Amino acid sequence: MRKRALVRRPGPRLADGLVTHIPRTPVDGELALRQWQGYVDALRAEGWETIEVPPADDCPDAVFVEDTVVVHGDLAVVSRPGADERRPETAGTERTLAALGYRIARIEAPGTLDGGDVLKHDGTVWVGLGGRTNEAGLAQLAALLAPLGAEVVGVPVTRVLHLKSGVTALPDGTVVGFEPLVDDPAGWPGFLAVPEEEGSHVVLLDGTTVLMSSSAPATRALLEGRGLRVVAVDVTEFEKLEGCVTCLSVRLRG
Ligand SMILES: NC(=O)NCCC[C@H](N)C(=O)O
């Protein structure tokens, strides 16, 4: 399987990125660039080819490229971000995926949808509602993915920015999250509570390896105890903007 990932380098206005659920704290732009490079290097070291989406330097949050698209099979559903300021970010992602041969569809007004609200595992696609993504966005995504065999399920998200700010899935499908920030832990069969907020976010690199933030050492130990290999990266400057390891890339498989 060919493993490729879209990334987008942070722009000069990164420190002005949106914050919604946490207090604003100063972001060190130079450190952020080094951390982004470390993230890209970690993907490459694990066998992922990285493809840079052209910068969108007028958009402070453009580095969080995951929010601009949902890729399923050969279809790229270009998002319509719930925050107006982020709408111009999608054009570069669309061009990049079209050039790679993906079929393109778009979420249209009045729908809104951020890629960070979309969690996929094994044919099920959970979509977080209550923040940046609305019912119309969910309905459009469901209609676009139904022919591909995906089942789309809405879940409430009120305590964090995006669904995947609260929960992600391990390679075996176990959903992990920091319980105080998960709306309905009991709604996830086999939910595994992790001890740190930053431990909620895993990027699956292969069937036994996950990428996560080095801000969550206790969660790392927990996951290693379950037999997973963990690659940890520093993403503190992105965490200050409610970003995390998931939102810095879009993985393309196959
Ligand atoms: N998928 C994600 O978790 N994206 C993080 C986006 C953070 C950005 N500051 C925002 O508020 O849109």
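User: When do two strands count as paired, and how many bridges join E7 to E8 in this predicted model?
Analyst: Two strands pair if DSSP finds at least two bridges between them. The model is predicted. In it, E7 and E8 run parallel, and the number of bridges that join them is six.

User: What is the order of the strands in the open sheet of three strands?
Analyst: The pairing in this open sheet is mixed. E6 and strand E8 (151–156) are the edge strands, each pairing on one side only. From one strand to the next, the twist averages 25°. The order is E6-E7-E8.

User: Which residue in E8 does Val-127 stand opposite?
Analyst: Strands of a sheet pair through backbone hydrogen bonds, either parallel or antiparallel. E7 and E8 run parallel. The residue of E8 that stands opposite Val-127 is Gly-154.

User: Is Asp-122 buried or exposed?
Analyst: Asp-122 lies in the loop between E6 and strand E7 (124–129), and its phi is positive, about 55°, although it is not a glycine. Because Asp-122 has 10 C-beta neighbours inside 10 Å, it counts as exposed.

User: Is Glu-242 buried or exposed?
Analyst: Glu-242 is found in the loop between helix H6 (236–239) and strand E15 (250–253). Phi of Glu-242 is positive, near 65°; most residues other than glycine have a negative phi. The cut-off for a buried residue is 20 or more other C-beta atoms within 10 Å. Since Glu-242 has 20 C-beta neighbours inside 10 Å, it counts as buried.

User: How far is Cys-244 from Val-202 in space, C-alpha to C-alpha?
Analyst: Cys-244 also lies in the loop between H6 and E15, and it is buried because 28 other C-beta atoms are within 10 Å. Leaving aside residues up to four places away in sequence, Cys-244 touches several residues, including Glu-198, His-201 and Phe-238. Cys-244 and Val-202 are 42 residues apart in sequence, and their C-alpha atoms are separated in space by 9.0 Å.

User: Which residues come nearest to the ligand?
Analyst: There are 20 residues around the ligand. This shell divides into seven nonpolar, seven polar and six charged residues. Those that come nearest are Leu-18, Phe-64, Gly-116, Leu-241 and Cys-247.

Notes
Residues are numbered from 1 along each chain as its sequence is written. This is a predicted model: local features need pLDDT of at least 70, side-chain atom pairs count only at pLDDT 80 or more; totals for chains, interfaces and linings use all residues. Helices (H or I, at least four residues) and strands (E, at least two) are DSSP runs, numbered from the N terminus. A residue is buried if 20 or more other C-beta atoms lie within 10 Å of its own, exposed if 12 or fewer, and partly exposed in between; C-beta atoms are placed from the backbone. A residue is near a molecule or strand if its C-beta atom, placed from the backbone, lies within 6 Å of it. Ala, Val, Leu, Ile, Met, Phe, Trp, Tyr, Cys and Pro count as nonpolar, Asp, Glu, Lys and Arg as charged, and the others, Gly among them, as polar. Axes are lines fitted to C-alpha atoms, for helices over the stretch in contact, and angles run from 0 to 180 degrees between N-to-C directions. Two residues are in contact if their C-beta atoms, placed from the backbone, lie within 7 Å.
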